[in-house]
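Here is a short tour of some side chains worth a look in the viewer. Please keep the structure open as you read.

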Amino acid sequence: MSSPEQWTHPEPGGGPAATAAKPTKEQVLAGLRATNEGGAELVELLTPEGERVANPEFDKYVDDIGAEELRGLYRDMFLVRRADREGNALQRQGQLGIWVPLLGQEAAQIGAGRALKPQDMAFPSYREHGVAWCRGIRPEQILATFRGTQHSDWDPVRYRFHPYTIVIGNQVLNATGYAMGQRFEGKVGPEPDAEATMVFFGDGATSQGDVHEGFVWAAVYDSPVVFFCQNNQWAISEPTERQSRLPLYQRARGYGFPGIRVDGNDVLATLAVSRWAMQECRTGNGPVLIEAFTYRMDAHTTSDDPTRYRLSDELEAWKLKDPIERVRVHLVRNGLAEPEFFDEVQVEADQLASELRAYCFNMPDPPPERIFANVYAEPNPLLDKEREDYLAYLAGFEGGAH
């Protein structure tokens, strides 16, 4: 019995594959280290120090990104971070039931989100506030979801952005099925209006059966779907090395489609790799797995305490790779932005925060019959009867204590 090629090695060509059913200690350690280190195959265009590095393979996918476009990406990340911090504060003040922070993952989400064309479809988990921003969804609409006043405050058909999915990994099956439909309906090909799907999930979701089922079906049907894994190093309290002996992007090889690892704190590299992957899928060469190598700077959710399972030294080390700071440094170092630009973005962020707070404090409670809305696409007699009975029950309390 032999193990698959490069079973416990971090990179292709990084050494001889494990040939026995039981790998050596050295091979296991090499694989474990590779799950929390970038590795030689990490695609990076902008270093943590803000230096632009050439990449013959992926430079062409961002050759349209000049100073103005780069400032736009900076603005996206800055505003999304401010909205996220406001959501965190609002939950702590009792205005939201829970909040799922994205702090530290702005580049991964903005880079991927800006790679989507209007006709493409996106399937989020519950942390993709940055991708939602790129699809034209306001942060206020996301607040309504976490306050519990809306199932989903946006039309997924209009925005091409599916409602948030709480069940870990379930959106991968939904996205794969949607992408299969895109292929069956002839929406894949060289035409300019060809489309594809991108689905987002975390490193922890890769341990869920739904994700692997999605991989299988996508591979079998050549579905035009990009699996975008945000490896933020922690599946709640479990580190990545507790889940995989291999870097996550290499799992794609077992299903027969490409996998690639990108610096998820590099918005330029993430944009380039995502554009490449989506183009592969739109033209019929999908699916593709992207592992965006990033870090969750905050708690998994506001109900989590990360100090119980990770060291402060680790957090401090990742702060040096801050995705927003590296773009700011690049803009300043190369004379691509004046101080006035950063001041304007700060003012805009303050205004956004003020609007979010005002919206959240004044958000009306939905009528009780809202819970029965949008359950089925067509009228349902049983649901109608349940709604009538429930409203009649509530009417019995009018004028009295309840």
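This is a predicted model: local features need pLDDT of at least 70, side-chain atom pairs count only at pLDDT 80 or more; totals for chains, interfaces and linings use all residues.

## Arg310 and its surroundings

Let us begin with Arg310, whose side chain reaches the backbone oxygen of Arg296 at 2.7 Å.

Where does Arg310 sit? Arg310 is found in the loop between strand S7 (288–293) and helix H10 (312–319). Arg310 is buried yet has no salt bridge. The nearest side chain of opposite charge belongs to Glu314, 5.1 Å away, whereas a salt bridge needs the nitrogen and the carboxyl oxygen to be within 4 Å. Leaving aside neighbours within four places in sequence, the contacts of Arg310 are Trp234, Tyr295, Arg296, Met297, Asp298 and Leu315.

## Salt bridges across the sequence

How many salt bridges does the structure hold? There are 26. One of them pairs Arg275 with Asp64, with the closest N and O atoms 2.8 Å apart. Arg275 belongs to helix H9 (residues 267–282) and Asp64 to the loop between helix H1 (25–34) and helix H2 (67–92), so this pair ties together parts that are 211 residues apart in sequence. Both partners are partly exposed: Arg275 has a relative accessibility of 23%, and Asp64 has a relative accessible area of 41%.

Helix H2 also supplies a partner to another bridge. Here the side chains of Asp322 and Arg81 meet at 3.0 Å, N to O. Asp322 lies in the loop between H10 and helix H11 (323–333) while Arg81 is in helix H2, so parts 241 residues apart in sequence are tied together. Asp322 is buried, with a relative accessible area of 16%, and Arg81 is buried too, at 18%.

## A buried pair and a network

Next, take a look at Arg261 and Glu291, which form a salt bridge whose closest N and O atoms are 3.0 Å apart.

## A nonpolar patch on the surface

Now turn to the surface, where Phe184, Val216, Trp217, Val220 and Tyr221 form a nonpolar patch. Together these residues have about 510 Å² of accessible area. Which element gives the most to the patch? Helix H8 (residues 209–220) does, with three residues. Val220 has its place in helix H8 and counts as exposed because its relative accessibility is 59%, with the cut-off for exposed being over 50%.

## Backbone details

A cis peptide bond joins Gly286 and Pro287, with omega about 0°, and Pro287 lies in the loop between H9 and S7.

Arg160 is not a glycine, yet has a positive phi of about 55°. Arg160 is in the loop between helix H6 (156–159) and helix H7 (170–184), and is buried, with a relative accessible area of 15%. Asp222, also not a glycine, has a positive phi of about 50°. Asp222 lies in the loop between H8 and strand S3 (225–231) and is partly exposed, at 38% relative accessible area.

Note on methods:
Residues are numbered from 1 along each chain as its sequence is written. Side-chain values use heavy atoms; hydrogens and water are left out. Patches are made of residues with over 30% relative accessible area and no salt bridge: like charges are joined within 9 Å, nonpolar side chains (Val, Leu, Ile, Met, Phe, Trp, Tyr) within 5 Å. Accessible areas come from the Shrake-Rupley method with a 1.4 Å probe; for residues, only the protein chains shown count as cover. Helices (H or I, at least four residues) and strands (E, at least two) are DSSP runs, numbered from the N terminus. Buried means under 20% relative accessible area, exposed over 50%, partly exposed in between (1.4 Å probe, protein chains only). Lys and Arg count as positive and Asp and Glu as negative; His and the chain ends are not counted. A polar contact is a pair of N or O atoms within 3.5 Å; within protein, one must be able to donate a hydrogen and the other to accept it, and residues adjacent in sequence count only if both atoms are side-chain atoms. Contact means heavy atoms within 4.5 Å.
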